[in-house]
Amino acid sequence: MDDSLRSVPPESVDVGVDPLSQGDLEIETYQVVRPDGTYDLDRVPDIDDEALCDLYRWMLLQRVYDNRSTKLQRRGKLGTVASGRGQEASIVGSGYALSDDDWIFPYGREAAALLMHGLSMRDLLLYWRGIEDASRMEGANVFGLAISIGSHIPLATGKAWGMQLEGEESIAFANLGDGATSTGAFHEGMNFAGVLGAPAVFFCQNNQYAISLPFDEQTNANTVAQKALAYGVDGIRVDGNDVLAVYNAMSTARDRALEGNPVLVEAVTYRRGAHTTSDDPTRYREDDEVEEWKDRDPLERYQAFLEQTGRWDAIDEDAIREDVEEQFSAAVDAADAFEERGIEEIFAHLHEEMPAELEHQLEEFRELLEERPDMYDYIERRPKG
């Protein structure tokens, strides 16, 4: 081959080719209540005083739940727990904007959103004990929690598409962390939603860490919200520690989704606790950083707003805490009372209808146990904790 025929790259000159850069994007971080409690009156949502107070009650429930469930895990009464401490405004503000007919695809931290959507606290505790019955999420439009990061995003798109085909006036709402936006499932689900115009909202709680990896080390994007544009869907960036801003953002996103415009919402917040109870965050972040975000506490910010607007007097924080503590204790008692499984469970769930051969094996097993009751000593029934 004659290399002399190859073209010679031109000297660097300005030929008018202007690449599109993320620096060309201006993305507002939407806010209603500032960290000091002052606020933009025109942006305060048009909801009554009871609802405005209710938002604080739910955030306090989330915090008490996280504290109690973490202590329960330390005592060996729960499996791994993922706390939402520091993310209460994102969890509650988004959940409060949903309709009961909407479907939630959770990712593990949003206890308050699941409870306000109809899930029982007893079943939530049973889920973290590894009881498969609780994965049915009975009584609520809630799918099973996505333990595999990002795996639920295509499912949310599929559910949204199905609801669209059925003509339902509801959306699929997927909670996810910032780390999930670096998975293949995220890109597949988002692209599919954009192509279909599916009524879906993908709510990214950007808590600054994908487990132990800081946000700026797991993506080169300045924001999560800008990623929406690549798929032809709407993007919103909101202060995730401002519950009113999150409520407004999610309400807007839901309306857009129902119009056939899926939305990616980035709630900028911070995980003040560990990734899970199996994690030690002191190994990868500094105390100064945690303290800085502690000063942006979502409950304290919202309390300041309620005080400035004369609504704080309607809040009895001690009474709310006592009520949530009682709810939690009752849920623990109900979970403890969950009946242990019998030996027939080994055979019961392999087929929709038990075939004759399995029925025969079950009868043989029962007969064996009647003849040899000492065999029970070798049967480990499912543990509760």
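Buried means under 20% relative accessible area, exposed means over 50%, and partly exposed lies in between, with a 1.4 Å probe and protein chains only. By that scale Phe-143 is partly exposed, because its relative accessibility is 31%.

This is a predicted model, in which local features need pLDDT of at least 70 and side-chain atom pairs count only at pLDDT 80 or more, while totals for chains, interfaces and linings use all residues. Residues are numbered from 1 along each chain as its sequence is written, and side-chain values use heavy atoms, with hydrogens and water left out.

**Helix α1**

Helices (DSSP runs of H or I, at least four residues) and strands (runs of E, at least two) are numbered from the N terminus. Helix α1 covers residues 49-74, which is 26 residues. From first C-alpha to last it reaches 38 Å, close to the 38 Å expected at 1.5 Å a residue; the expected span is 1.5 Å times one less than the number of residues. The N-terminal end of α1 is capped by Asp-48, with a side-chain oxygen 3.3 Å from the backbone nitrogen of Glu-50. After α1 comes Gly-76, which has a positive phi near 80 degrees.

**Aromatic pairs**

Rings of Phe, Tyr and Trp (its six-membered ring) pair if their centres lie within 6.5 Å; planes under 30 degrees apart count as stacked, over 60 as edge-to-face and the rest as tilted. The count by this rule is 15 aromatic pairs. Two of them are listed here.

| Pair | Centre to centre | Angle between planes | Type |
|---|---|---|---|
| Tyr-65 and Phe-328 | 5.8 Å | 65 degrees | edge-to-face |
| Trp-103 and Phe-143 | 5.3 Å | 70 degrees | edge-to-face |

Tyr-65 is in helix α1 and Phe-328 in helix α11 (residues 317-336), so their pair ties together parts 263 residues apart in sequence. Tyr-65 counts as buried at 4% relative accessibility, and Phe-328 is buried with a relative accessible area of 1%.

One aromatic cluster is formed by Tyr-209, Tyr-270, Tyr-284 and Trp-293.

**Thr-183**

The loop between β2 (172-177) and α6 (184-196) holds Thr-183. Thr-183 counts as buried at 16% relative accessibility. Leaving out residues up to four places away in sequence, Thr-183 touches Ile-149 and Gly-150, where contact means heavy atoms within 4.5 Å.

Conventions:
Polar contact = N/O pair within 3.5 Å; in protein donor to acceptor, adjacent residues only side chain to side chain.
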